[in-house]
Amino acid sequence: MSSAAPEPLSFPADLQGWLAFAADRPAERLERVAAIDARLKAESGLSADERLELWNDTEIALAEALSGAYLLSEAHPDAGVREAAEAQVQAVEALSSRRILDRELWAVFADVDSGGLDEDAARVLAHLLRDFRRGGVDLDDETRERVRALADRDTELSLTFSRNVRDGRREITVPAADLAGLPQDFLDEHPADADGRVTLTTEYTDLMPVREYAAVRETRVALISAYNDLAWPENEAVLAELLEVRAERARLLGYDDWAEYETETRMIGSGAEIPAFLSRLDAASAEAAALEYAQLEERLRRESPDAGTVTVADFWYLLSALKHEQYDVDAQLVRSYFPFHRVLPGVLEVTSRLLGLEYRRADVPTWHPDVSSYEVFRGAERIGRFHLDLHPRDGKFNHAACFPLAPGVAGRVLPEAVLLCNFSRGLLEHDEVVTFFHEFGHLVHDIVGGHQRWVRFSGVSTEWDFVEAPSQLLEEWAWDADVLRSFTADAAGDPIPADLVAKMRVADAFGRALEVRRQLGHAHVSYRLHVDRPADLQAATEAIYAATSPVQPLPGQHPYAGFGHLTGYGACYYTYQWSLVIARDLLSGFDSGLMDERTALHYRRSILEPGGSRDAKDLVEAFLGRPYSFDAYRDWLAGQDGALDTRR
């Protein structure tokens, strides 16, 4: 790495500047790509290294254009900026599709002799030629044009799907009395109107407390029904067409289905392995899930004797009630130790100490007053910058995710990343604290791993079914009594007691198998919708969820319309459990303690710093000293170890 680190991005200070940032900056990057492509085609005497370096320049420009535009399309408060940014996302994706179908560009690299290249450059070349093949460059002209059109349509439909989810917030009203069981601070923030009714929204700040604490079943059913119908009917036709577009594109490219296309570059290796992996999880969780369900059913009948079955509207409420009654874990007491103003600096302090980093607050313009910015230092060296946008608002991405902003390249581009979350400004549920650690895991991976020579290996650019593992591992720090004691405090200023954390860990094992069944439902929906493309999306989705878990879906709902992972994760939602298998095993490497400096340094250097420069299985083996196995996951599922969460 060069001794002088590159400068971070400079953000505009007014709306006109943001409009230019959203439109003009990506357009300039696309012009840069066009000029480099012309040079690649014209200069036949370039060496292999020179060709690859120029291609790297184009990938840097495309990443800069796409990352900034995509972030603004999901986060900027002005609809005009979001619209301009979304148009540039479409333009960048379209150019990327055209380039990978360009036979002249392919010819620049097809006959390159890799013999003189170093290991990383040879890896770039192999991946690049694979991308050209997977893009369809060797197809006839008519088929190539059709593939290009389908790729553009995929982008357009995916953007529309995401926009409908982002803008699809719903509201319900309920009598104030029907909020029985909700925490007092929640009730104080939701006063009744003149008619004695309270408005609830599908934002996480309302959804998560209601589904866990609302004693009135009808309130839970009403809000979760509204949430499960997000972006419906708007996304019904969008998703149906997206599934057809992907199926045709896969077929033209020589694959049986979209799952087969997607998995070729992932750890799992083939689409057929997805149901095989899910079957393994099914067998590992079925017996325990049945036992857990019997307890949930009995608890429900105590309150609702006429209830037919436990539904997804009962799941979190019953789990919370049973954990209180059987394990002495009162979720409302737990949340009292997690005010947001303590959690934010706590996550920063814990992760900086763990990874040997320092975060310094940066006073820079951003897209919204809620956003806070930090520069990341390792010793005296600035190695990145990140931005935290952590509270809900209209027009903003309504889940929790890490968005790349600047692709880190050693000596050239300082890595930058952004967390978009939707946390309360008051007390957080412990699940939200776990989510914060999870998403921050993506962020530090992107920064620490963002110092590669080749941008395609920068940050979290690993196999997609590994990318969740480092984040799932970091969740464990949210379950450690010593870690939590360092930043929690109730209203009296006392940290969360160690014995309460111990009870939380024991209680967390209850319901774990049912939660895995719920995740299996999501994974089967993701896979089966892409492979089967059912004519009736609602009936097929409901049947999958009903067959996967004894906890039943609410009838007549359309959760697929708001299932945002169907665009980015496609047929591969299995990724979360695949990564969790690895995360459970990675945790075994911290047997000297979660804050052990030597282990943490070994982890940072083995897993995070390489980015995607090596295959994920090799990264894991470098850290563990052996290939990863299923054993730690099986033990965790049986309640024999730890508390890593599955609830993304």
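This is a predicted model: local features need pLDDT of at least 70, side-chain atom pairs count only at pLDDT 80 or more; totals for chains, interfaces and linings use all residues.
I started with Asp 185, which forms a salt bridge with Arg 335, the closest N and O atoms being 2.7 Å apart. This pair ties together distant parts of the chain: Asp 185 is in helix H7 (residues 184-189), Arg 335 is in helix H14 (residues 331-335), and they are 150 residues apart.

Asp 185 counts as partly exposed at 23% relative accessibility. Arg 335 is at 4%, under the 20% cut-off, so I put it down as buried.

Arg 130 is partly exposed at 24%, and Asp 131 is partly exposed at 21%.

I also checked Asp 618 with Lys 617, where the closest N and O atoms are 3.3 Å apart. Asp 618 comes out partly exposed at 25%, and Lys 617 is partly exposed at 47%. Shared partners in salt bridges join Glu 74, Glu 86, Arg 163, Arg 166 and Asp 167 into one network. My count for the model is 62 salt bridges.

Then I turned to a sheet. I found an open one of 5 strands, in the order E3-E4-E5-E7-E6, with mixed pairing. Strands E3 (358-362) and E6 (401-406) are at the edges with a single partner strand each, so one side of each has no neighbour in the sheet. Neighbouring strands here are turned by 30° against each other on average, direction ignored.

Last, I zoomed in on E5 (residues 381-389) and E7 (residues 416-420), which pair in the parallel sense over 5 bridges. I noted Arg 385 opposite Glu 416 in E7.

Note on methods:
Residues are numbered from 1 along each chain as its sequence is written. Side-chain values use heavy atoms; hydrogens and water are left out. Two strands pair if DSSP finds at least two bridges between them. Helices (H or I, at least four residues) and strands (E, at least two) are DSSP runs, numbered from the N terminus. Axes are lines fitted to C-alpha atoms, for helices over the stretch in contact, and angles run from 0 to 180 degrees between N-to-C directions. A salt bridge is a side-chain nitrogen of Lys or Arg within 4 Å of a carboxyl oxygen of Asp or Glu. Buried means under 20% relative accessible area, exposed over 50%, partly exposed in between (1.4 Å probe, protein chains only).
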